[in-house]
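I opened this notebook to record what I looked up in the structure.

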Amino acid sequence: MMSSSFNIYRVGISFVMMCIFYKSAVDSLSELSPQKYFSTLQPGKASLAYFCQADSPRTSIFLEELNEAVKPLQDFGISVAKVNCVKEETSRYCGKEKDLMKVYLFRGNILLREFPTDTLFDVNAIIAHVLFALLFNEVKYITTLEDLQNIENSLKGKANIAFSYVRAIGTPEHRAVMEAAFVYGTTYQFVLTTEIALLESIGTEAIENAHFYFFHCKQVLDLTQQCRRTLMEQPLATLNIHRFIKTMEAPLLTEVAEDPQQVSTVHLQLGLPLVFIVSQQATHEADRRTAEWVAWRLLGKAGVLLLLRDSLEVDIPQHANVVFRRAEEGAPVEFLVLHDTELIISRVEGNTHIEEMQEDEDEDVQSPDMDIQDDEVAETVYRHRKTQLPLELTVELTEETFNATVVASDSIVLFYAGCTSTMLLTRVNCADWSDLCTKQNVTEFPVVKMYKEGKHPVSYAGMLGAEDLLKFILLNRISCPVNITSVQEAEEYLSGELYKDLIPYSSVSVLGLFSPNMTTAKEDFTKAGNYLRGCVITGIYSEEDVLILSNKYGATLPALLLARHKEGKVESIPFANSRVQDIVQIVTNALLETFPEITVENLPVYLRLQKPLLILFSDGSINPQYTKAILTLVKEKHLDSLTPCWLNLKNTPAGRGVLQTYFNALPPLPLIVVVNLHSGGQVFAFPSEQAITEQNLLLWLKKLEAGLESPITILPAQEWKPPLPAYDFLSMMDAAASQHPTRKEPECTKETNMQKNDKKQHEDKSTIRKEPVETLRIKHWNRSNWFKEGDKSFRHDNKEL
Amino acid sequence: MSLLAAAGLWGPPGLLLTFALHPALSGPPHRDYCVLGAGPAGLQMAYFLQRAGRDYAVFERAPRPGSFFTRYPRHRKLISINKRHTGKANAEFNLRHDWNSLLSHDARLLFRHYSSAYFPDAGDMVRYLDDFADRLGLHVLYNTTIAHVTLNKDRQAWNGHYFILTDQMGHAHRCSVLLVATGLSVPNQVDFPGSEYTEGYESVSVDPKDFEGQNVLILGRGNSAFETAENILGVTNFIHMLSRSRVRLSWATHYVGDLRAINNGLLDTYQLKSLDGLLESDLTDLAIVKDREGKFRVTLKFFLEEGNQSADAITLPQDDNDNFAMRVAYDRVIRCLGWNFDFSIFDKSLRLSSGGEFSKKYPLVKASYESKGSRGLFVLGTASHSVDYRKSAGGFIHGFRYTARAVHRLLEHRHHGVAWPSTEHPISQLTSSIVRRINEASGLYQMFGVLADVVLLKENATAFEYLEELPMQMLAQLETITGRRARHGLFVINMEYGRNFSGPDKDVFFHDRSVGHTEDAWQSNFLHPVIYYYRHLPTEQEVRFRPADWALPRPTAIHHIVEDFLTDWTAPVGHILPLRRFLENCLDTDLRSFYAESCFLFALTHQKLPPFCQQGYLRTQGLVGTESLRRHGEERRFPQGYATVGRRREDGAQGPEGGPLAPGPPLLQPHDSNKEEL
C-alpha cells in the first residue's frame with residue numbers, strides 16, 4: 001500500500017519536474033508577423049511577445065534565453081512568440097531602433113506589462129518576471145515590517161502565509177517562489193520582499209540569498225497572538241518549496257494504533273522520517289502535549305505521530321518510548337529509549353551525522369528488557385537461590401539408595417530437576433540421577449510419587465502446594481477403598497466417626513454397597529476407588545446383610561452412598577452398569593459443592609463444568625443472607641446454567657486483581673458478577689445500588705438472559721503471544737556474511753549513554769581502536785552497558801581464564 | 001589383528017563341530033544380523049541387538065575380544081581420557097568425559113572401574129572388552145576368521161539379498177544384515193624407492209635402548225608417529241619427522257584424531273632447536289638409498305630415475321644444494337603412516353568402495369552408515385569414520401558407541417517396525433527438555449555435527465515428541481527412517497564450534513576468543529548448543545545443497561546458546577531465557593511458567609490461558625507459591641501485582657530484575673517514568 005502511494009507521488013513529482021525542466025526541441029520559438037501574432041491571441045490566455053526588427057541578427061543571447069523559456073512558460077499556459085516587425089506591417093510595439101526592442105506580455109489582447117530586454121537577462125528572470133506580473137494579486141510585494149504585520153493581522157484565523165525573501169527580482173529563487181505561487185497562490189497568501197532589513201526585523205539570523213517562511217495564521221484566533229513561523233531550511237528551489245508546503249499541509253500530529261512499520265503518511269512519501277511517540281491511555285494527555293511540542297519543532301523535517309500502545313496489536317519493546325522510522329523503503333523500525341525531547345530533535349536533525357558515528361553503536365546496543373527475567377517461577381527460584389531450605393527433613397535419594405529406601409518404607413518421592421511422619425519424605429535430583437528418573441517414568445519435573453509397599457507407585461496429580469500434598473498423603477494412609485466389615489462400622493464410616501482425623505481433608509465419604517455376588521461391579525468400584533485415592537475417602541461394603549443399609553438409605557444395589565459431613569447428609573446414587581470412568585465421574589461431581597468458596601486451588605475443578613461463573617466477591621466471610629438467597633435460587637433451578645460461587649478476598653487475595661480488571665478500580669464489596677469465561681468473555685455486574693436479595697438477583701438474571709444488560713467489560717480473547725522478541729541470529733549471521741554491519745532486531749538505543757562523555761568512555765574508545773574488528777563488538781557492548789558493569793563485566797572477564 | 005590370525009586357527013574344537021553340522025541340514029546357518037569383529041564397535045552393536053532380543057552373531061578371528069588392543073598402541077598408552085571424577089553424579093553427563101566405556105545398562109561396566117590412569121594402559125582396554133562381552137553374555141564366535149563375504153540375491157531377503165560369509169574352514173554363514181566393525185587393520189604403506197628399508201610402526205622395537213645414539217627419521221605426523229618419537233626422544237641423537245603436510249594439533253583443530261598434546265614432546269624440542277626437527281615433503285617424491293656404511297640417505301626419486309647408478313653414485317640433493325635439510329645419514333627410518341580398511345575380504349558384488357579423495361582409507365558409506373553399494377551392509381566403528389573424518393569423534397569409542405546405537409535404532413524401525421524411541425511432552429516442557437539434554441547428553445556432545453536431537457511438534461504446537469541422537473544428515477528422510485511424523489515443524493538441537501575457530505593454523509588462544517553475552521552467542525567459538533527451527537522438514541535436495549559451512553540447510557530461525565566456560569547451560573538469564581524467547585517466537589506463544597495464583601487470575605480475566613496454565617493449573621496441577629514467596633512478592637509488588645493484568649501497573653515501577661508477572665496479551669509497559677522527562 002505504502003509503496004503504491006509512494007509511486008503515485010513519484011509520478012507527481014516527475015510531472016512537476018517535466019513541467020519545469022523539460023526542454024523540447026520541437027517547442028522552439030515561433031516567429032510570426034505582427035498581424036499573424038495578434039490574430040493568434042486568445043481571450044484570457046497570456047502571451048509573451050518579443051518584437052524585433054526583421055533584419056536583426058538571427059541569434060542573440062536574449063533570444064537564446066527566450067527560446068529556453070518557451071517550454072516552461074507554455075507549461076504555465078503562456079505562449080511565447082517572436083514577432084518580426086516587417087516594414088509593411090508596422091505595429092506600435094515595434095520599436096524604432098534595433099536596441100530598443102521590448103518584450104510585451106498580453107492577456108488576451110490586453111497589454112499587461114512591457115519589459116526591456118535587459119530585465120529579462122536569463123531564463124529565470126523571464127519566467128520570474130512573467131509570473132510575477134501575472135500573479136500580481138496572489139503575490140504581495142512588500143517593503144516594510146508594517147506591511148507584513150498588516151497582512152498577518154488581516155489573515156489571522158483565515159489563511160496561512162508563505163513569506164519569502166529573495167535578494168532580487170528575477171533570481172532563480174524568485175523564479176522558484178513564483179512557480180510555487182502559481183500552484184499554491186490561491187491557497188496561501190504569498191508575500192515577497194527583497195528588503196534585507198525586513199528580514200532582520202523578524203529575527204532571521206545568518207541571512208542568505210533567500211528564505212522561505214510559512215506563517216501559521218489560520219489557526220490563530222486571538223489577534224494579539226503572533227502567527228507561528230516555520231522556516232524552510234532547505235535551499236529555495238521549486239521542489240523544496242513544494243515538499244515543504246506539503247508537510248505544512250499535513251496534520252501536525254496524527255494518532256495511530258497500528259504497527260509502525262505499516263503506517264504511511266505524506267512524510268514518508270516526501271522522504272522524511274517518522275517519529276512515533278509511544279503513549280498509553282494513562283499518560284495520553286501529557287504525551288500528546290509532548291508530541292505536539294516535538295511536532296512543532298520537527299515541522300518540515302519529520303512526521304510526528306502518537307502511537308497508542310494500549311490498542312496496539314504488535315508488541316514493541318517494553319521500555320521503548322520513541323519509535324523512529326526512516327523514509328527509505330525497507331529501513332528497519334528503530335525502537336529507542338530517549339529521555340529528553342531534545343534527543344529526538346537531534347536524532348532527526350542530525351540523522352545522517354548520527355548514523356555515521358553510530359554504526360557500531362546501533363548494532364551493539366540491545367533492548368534492555370530481553371535480558372530481564374519475565375518468568376515469575378524462574379525469577380523466584382533464582383531470587384531464592386541462596387535461601388537455605390530445611391532439606392534435612394527429607395532424605396536425598398540416589399541411584400544406589402532409591403530401591404532400598406522405597407522397598408523398606410512407604411515413601412513420598414519428589415522428583416525434581418536441579419533446579420515433604422511415618423511416611424518417609426524423600427527427594428531425587430533428576431539432574432544428577434537421570435537414569436533413575438527415566439526408570440521411574442519421570443519425564444517432567446517436578447513430580448511427586450508415592451511408593452507403598454506391595455502397591456504400584458501413585459503419581460500425585462494435584463496442586464504442588466503443602467496443603468494439597470498433605471491431603472494426598474493423609475488420605476493415602478487408608479486403603480482405597482476401605483473394606484467395611486459390619487453394618488455398625490459402615491454407620492461409623494458414614495457418620496465420619498471412623499476416620500475422624502481424615503474428615504477435614506475429605507468433605508465426602510463414599511461407600512459402595514454391593515451384594516456379595518456382584519463381582520464385576522465390585523471390581524469396577526475398587527478400580528475407581530484406586531483411581532480416586534488421595535482425593536476422597538472411599539469404602540466398600542458387600543456383606544450378606546447389605547440390604548439393611550440399602551433399605552435404610554433407600555438405595556437399590558449396587559449403590560453409592562455419599563456422606564456429606566459438613567451438611568450431615570447421606571445421599572444415595574444408583575450406578576448399575578456404570579463403568580470405572582462413570583463411577584469416577586459420579587464421585588468427582590459429588591465432590592463439587594453447590595455454592596463453593598472459590599480458591600486458587602479449586603477453581604480448575606469448577607471451570608471444568610464449562611458454565612459461566614456467578615461470583616460473589618466478599619471481603620471476609622460471606623453474609624449468611626446472601627448464601628441463603630443464592631441457595632434458594634439454586635434450589636429453584638434458576639442458576640442451572642451458571643456455576644454460583646463466592647470468593648473471599650481474605651483467603652484469595654488474587655481476587656483483588658480480578659476485580660480491578662473488571663472494574664478498573666476496587667469497587668465496594670460485596671458485589672456479584674457473572675463471568676462468561678467460555679463463550680464471549682463478557683462480564684456483567686449486579687447493580688451495586690441494589691440489595692443482594694433473591695428477587696433482585698432473579699430479576700437481574702432474567703434481564704441478563706434476555707440480553708438487556710450490557711457487559712461492564714469483555715475479557716480479552718487474544719492468544720498468548722511471545723512476551724518479547726528473540727535475538728534474530730539468522731539475520732545477524734546473514735549480515736556478517738554479506739560484510740555489512742550487523743543490525744539487530746529489535747533496535748533499542750540507549751541514547752543516554754551516548755550523551756555521557758565521561759572519562760571512562762574515552763578510555764574505552766581509545767583502546768577499542770587498537771583491537772581487531774572481531775573483538776570489537778563484545779567490548780563495545782560492555783561500554784554501552786557500563787552501568788550494568790556490576791554483574792555483566794564480571795561475567796565477561798571471568799570466562800576463559 | 002593380523003598377527004593373531006594364526007592363533008585363530010586353533011580355536012576350541014567344539015565350536016568348529018557345531019558349524020560343521022549345520023550346513024548339512026538346510027543350507028548355511030542363518031542369522032538376521034552378522035557383526036564382523038568383536039572390537040569395541042562390534043561389541044557395542046552386539047549389546048544393542050542382544051537387548052532388543054534379535055537374532056545375531058559376532059564373528060571374531062581372535063580368541064578374545066579387542067585383539068587390536070593386545071598389540072596397539074605399541075607403547076601401550078591409550079590417549080582416550082579416562083576421567084573418573086567430574087564432581088557430578090549424572091551418569092549421562094559423566095560419559096562426556098569417559099572416552100573408553102561402551103554403553104550398557106550395567107554401571108559396573110564403566111571403564112573407570114578398570115583403570116585409574118587418566119591415559120589408561122591398552123591392556124586394561126582388552127580386559128574391559130573381555131568383561132563386557134562376558135558379563136552381558138554377548139554372542140561372539142571367536143576364532144572365526146571370515147575370509148570372504150559375498151552377496152546372494154534372494155527375493156525373500158529383507159534387503160533383496162543375503163550376505164554369505166565364508167570362514168577359514170570354508171563354512172558359510174547367511175546373514176540378512178551385515179554389520180562391519182573390523183576397524184582399520186592394514187598398515188598404510190607409501191610406495192617409493194627404498195621403502196623396503198623402512199621399519200613399520202607395527203613391528204618397530206619399542207625398547208628405547210635399541211635407539212641409543214642413533215639418527216632417526218620418522219615418516220608420518222600422526223599420533224602413532226609422535227608416540228614413537230616420544231618413546232625414544234631422550235636416547236637418540238636426533239629425530240627428524242617427515243610428512244606431506246603440516247602437523248595438525250588437536251587442540252587447534254578440535255578433532256581428537258589429530259596430534260594430542262600428550263604426544264607432542266618433539267614439537268617442544270624442535271622449536272627450542274634441540275636437534276630434533278619437523279619437515280614437510282611429499283613422500284612419493286622421495287627415495288631412500290643405503291650407503292656404504294649401511295646408513296640411509298634421503299634423495300629424490302627424480303635423481304634415481306636419471307640412470308642406473310650404483311648406490312654410491314646416486315645423486316644426492318646436497319650435491320647441488322649443500323645446505324639441504326636432510327643431508328645427514330640416518331640409522332633408522334620408521335614408517336608411521338596409519339591404517340587402512342581391509343577391503344580384501346569383500347566380494348566385488350558388494351560394491352564396497354573406498355571413500356573419496358580425502359578418506360581413501362575408509363569404505364564409502366551414507367550418513368546412515370549404510371554402504372552406498374549394497375543395502376543392508378552397515379559399517380560401524382573406526383571404519384565408519386568417513387562420515388565425520390577430521391570433524392568429530394565417530395572414529396573413536398566415545399563417538400561410535402553413539403553412532404552404533406543410531407544404526408541399531410534405524411534397523412529396529414526398518415526390520416521390526418519399532419519406531420525411533422521418543423518421549424512426548426506438553427509444550428510447556430519444551431524449554432526444560434532441551435535444557436536438560438544440552439546439559440547432560442553425551443552423544444550430542446561427542447558427535448557434534450553428526451548426531452542431533454530432534455523435537456517434532458504436534459498440531460498447533462500444544463505438544464511435542466523428543467527424538468535423541470538422530471544422524472543429522474538424514475534429516476530429510478526422518479519420517480521414513482524413524483517412523484515418526486514431522487508435519488508441524490521441528491527443532492534440531494546440535495552442538496557446534498564457531499565457524500572459523502578450528503583449524504591446524506588457527507590461533508585458538510587469541511584474546512577475546514570467548515563470547516560472554518547472549519546477543520553475541522552466534523559468534524561463540526567453543527562447543528555450544530545451536531537450535532535450528534524448520535517450519536517444514538527440509539528436503540534431501542536442501543540438505544545436500546545446503547550452504548557451505550552449514551551443518552544443516554538454512555532454517556526458518558536459528559538460536560545459539562552462548563558458549564559456557566563450564567559447559568553448564570543452566571544460567572536462568574544467560575542461557576535459558578534467550579532460549580525460551582527463541583522457542584516462543586518460533587511457536588508464536590508464551591512459554592513462561594506461572595504460579596497457580598497467576599493462572600487463577602488469568603483464568604478469571606482472560607478467555608485464553610498461556611500453555612503453562614492450560615497444561616498445568618487447569619488440570620489441577622498448578623504450582624502453589626509458598627507464604628515466603630508471597631510475602632516477598634508483596635514487597636516487590638509481584639506476584640501480587642494483580643493490578644497489572646489487563647491494566648496498567650499503578651506505580652509503573654518495575655524492579656531491576658523485571659516484573660515477571662507482566663501478562664502476555666496485551667503487553668503493558670510501565671514506562672511513564674521515562675515520559676515525565678520528555
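I took buried to mean under 20% relative accessible area, exposed to mean over 50%, and partly exposed to lie in between, with a 1.4 Å probe and protein chains only. The model is predicted, so that local features need pLDDT of at least 70 and side-chain atom pairs count only at pLDDT 80 or more, while totals for chains, interfaces and linings use all residues. Residues are numbered from 1 along each chain as its sequence is written, chains are lettered from A and ligands numbered from 1 in the order in which they are written, and side-chain values use heavy atoms, with hydrogens and water left out.

**Entry 1: the chains.** I looked up burial and found that 51% of the 801 residues of chain A count as buried; for chain B the figure is 59% of 678 residues. I took helices (H or I, at least four residues) and strands (E, at least two) as DSSP runs, numbered from the N terminus. Chain A has 29 helices and 31 strands, and chain B has 21 helices and 22 strands.

Entry 2: I then examined H23 (residues 654-663) of chain A and H18 (residues 596-605) of chain B, whose axes come within 9 Å and cross at roughly 25°. Axes are lines fitted to C-alpha atoms, for helices over the stretch in contact, and angles run from 0 to 180 degrees between N-to-C directions. Angles under 35 degrees count as roughly parallel, and H23(A) and H18(B) are therefore roughly parallel to each other. With contact meaning heavy atoms within 4.5 Å, I listed residues of H23(A), including A:Val658 and A:Tyr662, that meet residues of H18(B), among them B:Phe600 and B:Leu604.

**Entry 3: cis peptide bonds.** I noted that most peptide bonds are trans. The bond from A:Leu557 to A:Pro558 is cis, with omega near -15°; A:Pro558 sits in the loop between helix H19 and strand E24 of chain A. The bond from B:Tyr72 to B:Pro73 is also cis, with omega near -10°, and B:Pro73 lies in the loop between helices H4 and H5 of chain B.

**Entry 4: positive phi.** I noted that most residues other than glycine have a negative phi. B:Leu275 has a phi near 75°, in the loop between helix H9 and strand E11 of chain B, and is exposed at 59% relative accessible area. B:Asn460 has a positive phi of about 60°, in the loop between strands E18 and E19 of chain B, and is exposed at 68%.

Definitions and conventions: Parallel < 35°, antiparallel > 145°, perpendicular 65-115°, else oblique.
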